[in-house]
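Thank you all for coming. Today I would like to walk you slowly through one protein chain, so please keep the sequence and the picture in view while I talk.

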Amino acid sequence: MEHQNEKAYQKQRGIFQNSKLGGHKRWFKDVGNGFKTPNAAKFGTYIDKKCPWTGEVSIRGRILTGVCVSNKMRRTIVVRRDYLHYVPKYNRYEKRHKNLSAHLSPAFDDLKVEAGDIVTVGQCRPLSKTVRFNVLKVQKAKSSSKGFEKF
């Protein structure tokens, strides 16, 4: 019962839990676009209604890649996206960045997402005031001293 850590009883919607047959009933789906469903989503016990595999959220719209800069929030990370902006007057580019908040499903708990990891996020419906993306894939950062080098 480690997944019962909220005040309200946590269960997946549409799953009858009091069956006499017993067994491990868990509903999960494939988010599409070639992203694999993690084993924690298939066989785990966590309950997360904002999870793209076991929750009520569909991934549609943009698929973006960036670097995790903060994981201090509960089930939410901040992703930094670097890009170049062209300045015609000087015929040069300048570096710019945007931060976006993304929901981190408990399916990635075993990966221990840290600052510096490269994450792929997919757009979904608004989950809170600032969160409109869901983490779909995590690549652990290389153990070099330099950070993310996109340019």
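Predicted model: local features only at pLDDT ≥ 70, side-chain atom pairs only at ≥ 80, totals over all residues.

**A walk through the chain**

Residues are numbered from 1 along each chain as its sequence is written, and side-chain values use heavy atoms, with hydrogens and water left out.

Leu-84 counts as partly exposed because its relative accessibility is 41%; on this scale, buried means under 20% relative accessible area, exposed means over 50%, and partly exposed lies in between, with a 1.4 Å probe and protein chains only. Together with Tyr-86 and Tyr-93, Leu-84 forms a nonpolar patch on the surface, and the three have about 320 Å² of accessible area together. A patch is made of residues with over 30% relative accessible area and no salt bridge, where like charges are joined within 9 Å and nonpolar side chains (Val, Leu, Ile, Met, Phe, Trp, Tyr) within 5 Å. The areas come from the Shrake-Rupley method with a 1.4 Å probe, and for residues only the protein chains shown count as cover.

Now let us step back to the whole chain. It has one helix and five strands, and, read along the sequence, these follow the pattern α-β-β-β-β-β. The chain exposes about 10,500 Å², of which carbon and sulfur atoms supply 51%, and buried residues make up 35% of its 151 residues.

Which residues have the most contacts inside the largest nonpolar core? They are Ile-77, Ala-102, Val-121 and Val-135, in a core of 27 residues. At least two residues of this core come from each of β1 (63-73), β2, β3 (92-103), β4 (118-123) and β5 (131-139), and β5 gives the most, with five residues. By a nonpolar core I mean a set of buried Ala, Val, Leu, Ile, Met, Phe, Trp, Tyr and Cys residues joined through side-chain atoms within 4.5 Å. As general background, nonpolar side chains tend to be buried together in soluble globular proteins. Leaving aside residues up to four places away in sequence, Ala-102 touches several others, including Arg-75, Val-121, Phe-133 and Val-135, where a contact means heavy atoms within 4.5 Å.

Is Asn-134 buried or exposed? Asn-134, whose place is in strand β5, counts as buried because its relative accessibility is 0%. A polar atom of the Asn-134 side chain lies 3.0 Å from the backbone oxygen of Lys-50, and among the residues that Asn-134 touches, beyond those up to four places away in sequence, are Pro-52, Ile-59, His-103 and Leu-127.

In strand β1 we find Asn-71, which is partly exposed because its relative accessibility is 35%. A polar atom of the Asn-71 side chain lies 2.6 Å from the backbone oxygen of Val-113. Lys-72 is also placed in strand β1, and Lys-72 counts as exposed because its relative accessible area is 80%.

Finally, we come to the charged pairs. How many salt bridges does a search of the whole structure find? The search finds four, a salt bridge being a side-chain nitrogen of Lys or Arg within 4 Å of a carboxyl oxygen of Asp or Glu. In one of them Arg-75 pairs with Asp-48, the closest N and O atoms being 3.4 Å apart. This pair links distant parts of the chain, since Arg-75 sits in the loop between β1 and β2 and Asp-48 in the loop between α1 (39-43) and β1, 27 residues apart. Arg-75 is partly exposed, with a relative accessible area of 25%, whereas Asp-48 is buried, at 7%. Another salt bridge joins Arg-80 to Asp-82, with the closest N and O atoms 2.9 Å apart, and the side chains of Arg-96 and Glu-94 meet in one at 2.7 Å, N to O.

Conventions
Helix = DSSP H or I, 4+ residues; strand = E, 2+ residues; numbered from the N terminus. Polar contact = N/O pair within 3.5 Å; in protein donor to acceptor, adjacent residues only side chain to side chain.
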